[in-house]
Amino acid sequence: MIYFFDGSKEAFLCALARAFCDDEAILTSTNAQLSMGQQSIFVAADGARAAQIEQRLLGFDKNCMHDLDLLLRSGDAWRDAAALRYFKFLAEKKRPVRDMLSEEAVIAATECMRRVSYEVHRFHGFVRFLECASGALYAPISPNHDISDLLVPHFRARLPQCPFVIHDVKRKKAAVYDGAHTFVAPLARAEVALAADEKAWQSLWKNYYASVNIPSRERLKQMRGYMPVRYWKFMPEKQLSPSSPC
Amino acid sequence: MFDKQVFGVYNGGMISEEKLHILTECAKYDVSCSSSGSARKNAGGMGNGYIAGCCHSFTPDGRCISLLKILLSNDCVFDCKYCMSRRASDVPRATATPDEICELVVDFYKRNYIEGLFLSSAVHVSPNHTMEQLLLTVKKLRTEYNFHGYIHVKGIPKADPMYAFEAAKYADRMSYNIELPSEKSLKLLAPQKSRESLLVPMRALAKEKQIFKEEKRKGYFLPAGQTTQMIVGASPEPDGQILRLSQSLYRANGLKRVYFSSYTPVVQDSLLPSVPAAAIREHRLYQADWLLRFYGFSAEEIADEGENLSLELDPKCAWALKNMHLFPVEVNRAPLEVLLRVPGIGARSAYKIMQARRYTNLTFEDLKKMRVVLKRARHFLTAGGKFYGENRQEAVRGLLVAAEKPATAVQLSIFTGMTEAAQSALYGEL
Ligand code: SF4
């Protein structure tokens, strides 16, 4: 049986409950895996039922909802399968399984969560703010995983007096800090009036980027390994002239 | 909304493109770009420390940009043979004002280009004048520009120690570069510097930090400690000697990091080699350094004083081959410090093994599933009493060398510019 759910935590928990005794269960929030001839069912989010299941799971492992949150943020195709296996295993063992690192169910979920956390860490460095005429900062991003709001605490702690918007242009949503509160809002397109000297600072930054490089030790493969091309789109230092090799 | 005044008085004006280019072009050979080790809190204004360090970009040479690395001036009165800023060299000169630097840092930081500042300088006018300007800049940045991000300041040899003590109250990290691994080479190649002019302030700062801690004084004093750097391959000292020096800097002077920089000829001089040092040598030294700092090895175990490290094998493999009688060890029982000595098992694999074996008796199959790389480790491990390796030393040696090839090809000398967190991931499987 294929269990569809909408990707939310509540719907996942309800689907988990239905799929628990079904060894053939496939849980998915996309229709990519839909195979012919297999029966499918759409499991809607039921708040009360989800709360019950959450309580049971928390009884086994008080930190497991944190794991679920990370798993459901993943943009990897296999994340629903990994989440299902992990939580089934948890419910079977009735105790935290996080450290059972030789179990397949744990290995897959750990890897999936690691990839999300790693992208958060990377974006602490790779986010590029533009200064707006108002003095607020605006950063468009296009991450693999749904992490925009996870980035906010880091920047809020270091720029407490400065309002900023981190805009996930792929998911059309924005994580906002208005100088006092943080929230997430849908945002398709943003009109940004740049500060007068924004271009000049970008130009100095590109200049710096070019100056610190040691051309005789070129290692492009390595650069791309640490800073994959998919992240370059919003980095001023990677918007070079078309003739430039990297 | 966002008031520039919050971040202090802006009166320096934007630095010119040309000046920026000159002052960073000369700073780039300094290897350290790490922004780790400080958890400085935001106290109004802008910025804080990120204890693990953070890479903001990577340049085409594969190095990380974490800090804005810049010189206050490249106009030098010293004449170190290997340096392109030396007095005798004919290069464009520039000197920045403290405000130019401060504004650059604040505006780059705000846009998340950088994690902070690495401020260095040639010896401009005199050591005291230079150190005074460096101090003025970092003090301004902290107190007037209200900046709490990471600051690394280079110490200038032969300046009055009071400047360094004062700068240490504002900086997260300071470094005096040892430059060359022996006094003799230093005399020859950097005639105005001496071992003492570098070690004395290093020790004085370490002592001062100790007092600061003991008296529980308020504020900060170099929370991320001190580091140093030496050039490898410009002078004849063997690796064994370099590692002993590193070890004593860690043990006696409490240094956080010793960086190695492969010699690159930027200057023609009959006293200097005309070819760059092999990147693989620098790589091996970093691997050995890692064993010193995190794996409980001593320099004496890794190489004899007059010996160079094997270029063919990483230093842990080389050590294990010489100590075959200690292996194999049982993966389900060996204590952490023993697991860490197994070639191919790094900190991350060792951690996974320690956790997993609490729940089950690990087999080789389990290890594979857990992505513990067994290519090298299998010659030194048993799992549930089973052994799948070779035990003739010569055969093992051949297999280890073969296992080494792909890794070496991609990893040459990349360790230099990364944050320590990224490095640990890479070295994890040493
Ligand atoms: S002191 Fe020596 S190494 Fe430093 S800038 Fe001057 S000449 Fe170069």
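Some housekeeping. Residues are numbered from 1 along each chain as its sequence is written, while chains are lettered from A and ligands numbered from 1 in the order in which they are written. As the model is predicted, local features need pLDDT of at least 70, side-chain atom pairs count only at pLDDT 80 or more, and totals for chains, interfaces and linings use all residues, with side-chain values taken from heavy atoms and hydrogens and water left out.

Let's begin where the chains meet. Here 70 residues of chain B are in contact with 60 residues of chain A (contact means heavy atoms within 4.5 Å). About 5600 Å² is buried between them, and carbon and sulfur atoms give 57% of that; buried area is the accessible area, for a 1.4 Å probe, that two parts lose on being put together, summed over both. On the chain B side, Pro60(B), Arg111(B) and Tyr113(B) lose the most area to chain A, together 13% of what that side buries.

On a 1 Å grid over the protein atoms alone, a cavity is a set of points where a 1.4 Å probe fits but cannot get out, whereas a pocket is an open set with protein on both sides within 12 Å along at least five of seven lines; lining residues have an atom within 4 Å of a point. Grid points are joined across faces, edges and corners, and a volume is the space filled by probe spheres set on the points.

Strands and helices here are DSSP runs, numbered from the N terminus: E of at least two residues, and H or I of at least four.

Glu179(B) turns up again in the backbone: its phi is near 70°, a positive value in a residue other than glycine. Glu179(B) sits in the loop between strand S6 (173-175) and helix H5 (183-189) of chain B. Also in chain B, the peptide bond from Phe327(B) to Pro328(B) is cis, with omega near -5°.

Over to chain A. The second largest pocket holds about 280 Å³ of space, and H2(A) gives the largest share of its lining, six residues.

Lastly, how do two helices of chain A meet? Helix H3 (residues 64-73) and helix H5 (residues 104-126) of chain A pack at an angle of about 70°, their axes 9 Å apart. Axes are lines fitted to C-alpha atoms, for helices over the stretch in contact, and angles run from 0 to 180 degrees between N-to-C directions. So H3(A) is roughly perpendicular to H5(A), a label for 65 to 115 degrees. Residues making the contact include Leu70(A) and Leu71(A) of H3(A) and Met113(A) and Val116(A) of H5(A).

Technical notes. Angles under 35 degrees count as roughly parallel, over 145 as roughly antiparallel, 65 to 115 as roughly perpendicular and the rest as oblique.
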